[in-house]
Amino acid sequence: MTEATKRCKVAVLISGSGSNLQALIDAQLNQSIVIDIVHVISNRPGVAGLERAEKAGIPTTVLDHKAFADRLQFDQALIKVIDNSQADLVVLAGFMRILTPEFVRHFQGKMLNIHPSLLPKYPGLHTHQRALDAGDKQHGVTVHFVTEELDGGPPVIQASVPVNADDTADSLARKVQKQEHIIYPMAVAWFAEGRLNMENETAFLDGEPLAKHGYQVVSS
Ligand code: GRF
């Protein structure tokens, strides 16, 4: 997908600080990736990520999940907002909601998530502490396509960081976030350029299946 043909429209879903959203905004602004972030949606009002979007002139919507009777009704409303934005790609950037199968199927093959662990290790929460408790020497972060299995879709990119003897959950989180802000724009760029896709729950880059753990980035 080149700029001459069609710019990839991206909707970003957040629940909090939005530092990954900021990395994408910066990459769009400095033109290291050719995308149009067309909409930022938060399920929580008043979060810093919304301010980041507003500052960048990106339309925002707050869809407070607490205002909905159940998960499905929330997800159906969310589908409408995203569809109205005509997004080609849905980027989950710290979106702290478990998604219904209906939602996931609707955006099958066009939704990415970032998860702070070397998946399949540590799906779910408290990943940094779990890596420390297990005595892991390496920890990291994974960008993956979203499928119906929580944090279980095919990995696209993984970045690993060393775990040092004096690391805490907070210091690990900082190291991992640094990598997040590098690899998420990379994966989004691949998708926007038409190089990345998912078929039968396998991720492909340039037509070749990616390795089981995705493209590997190792930081020292
Ligand atoms: C990141 O650590 C990401 O891996 C996880 O949620 C956090 C979001 O951070 N899914 P931010 O809101 O992008 O700063």
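Where is histidine 126? Histidine 126 is in the loop between S5 and H5.

**Before you start**

This is a predicted model, in which local features need pLDDT of at least 70 and side-chain atom pairs count only at pLDDT 80 or more, while totals for chains, interfaces and linings use all residues. Residues are numbered from 1 along each chain as its sequence is written, and side-chain values use heavy atoms, with hydrogens and water left out.

**Stop 1: the ligand**

Select the ligand. It sits in the largest pocket. A pocket is an open set of points on a 1 Å grid over the protein atoms alone, where a 1.4 Å probe fits, with protein on both sides within 12 Å along at least five of seven lines. A molecule sits in a pocket if more than half of its atoms lie within 2 Å of the pocket's grid points.

Now look at the elements around it. Helix H1 (19-29) and helix H6 (169-192) are the ones that give two or more residues to the shell around the ligand. Helices are DSSP runs (H or I, at least four residues), and strands are too (E, at least two), numbered from the N terminus.

**Stop 2: the shell**

Select Ser17, Gly18, Ser19, Asn20, Gly94, Ile114, Pro116, Gln177 and Glu180. These residues surround the ligand, each with a heavy atom within 4 Å of it. By class, two are nonpolar, six polar and one charged. Here Ile and Pro count as nonpolar, Glu as charged, and Gly is among the polar ones.

**Stop 3: polar contacts**

Show distances from the ligand's oxygen atoms. A polar contact is a pair of N or O atoms within 3.5 Å.

- Serine 17: a polar side-chain atom lies 2.7 Å from a ligand oxygen.
- Glycine 18: a polar backbone atom is 2.8 Å from a ligand oxygen.
- Glutamine 177: a side-chain N or O atom is 3.2 Å from a ligand oxygen.

The ligand taken alone exposes 370 Å², and the protein buries 83% of that. Such areas come from the Shrake-Rupley method with a 1.4 Å probe.

**Stop 4: the loop**

Move to proline 120, in the loop between strand S5 (111-115) and helix H5 (127-133). The peptide bond from leucine 119 to proline 120 is cis, with omega near 15°.

Next, select tyrosine 122, in the loop between S5 and H5. Its phi is positive, about 55°, although it is not a glycine. Is tyrosine 122 buried or exposed? At 13% relative accessibility, it counts as buried (under 20%; exposed is over 50%).

Finish at histidine 126. Its phi is near 55°, a positive value in a residue other than glycine. Histidine 126 is exposed, with a relative accessible area of 61%.

Key. A polar contact is a pair of N or O atoms within 3.5 Å; within protein, one must be able to donate a hydrogen and the other to accept it, and residues adjacent in sequence count only if both atoms are side-chain atoms. On a 1 Å grid over the protein atoms alone, a cavity is a set of points where a 1.4 Å probe fits but cannot get out, and a pocket is an open set with protein on both sides within 12 Å along at least five of seven lines; lining residues have an atom within 4 Å of a point. Buried means under 20% relative accessible area, exposed over 50%, partly exposed in between (1.4 Å probe, protein chains only).
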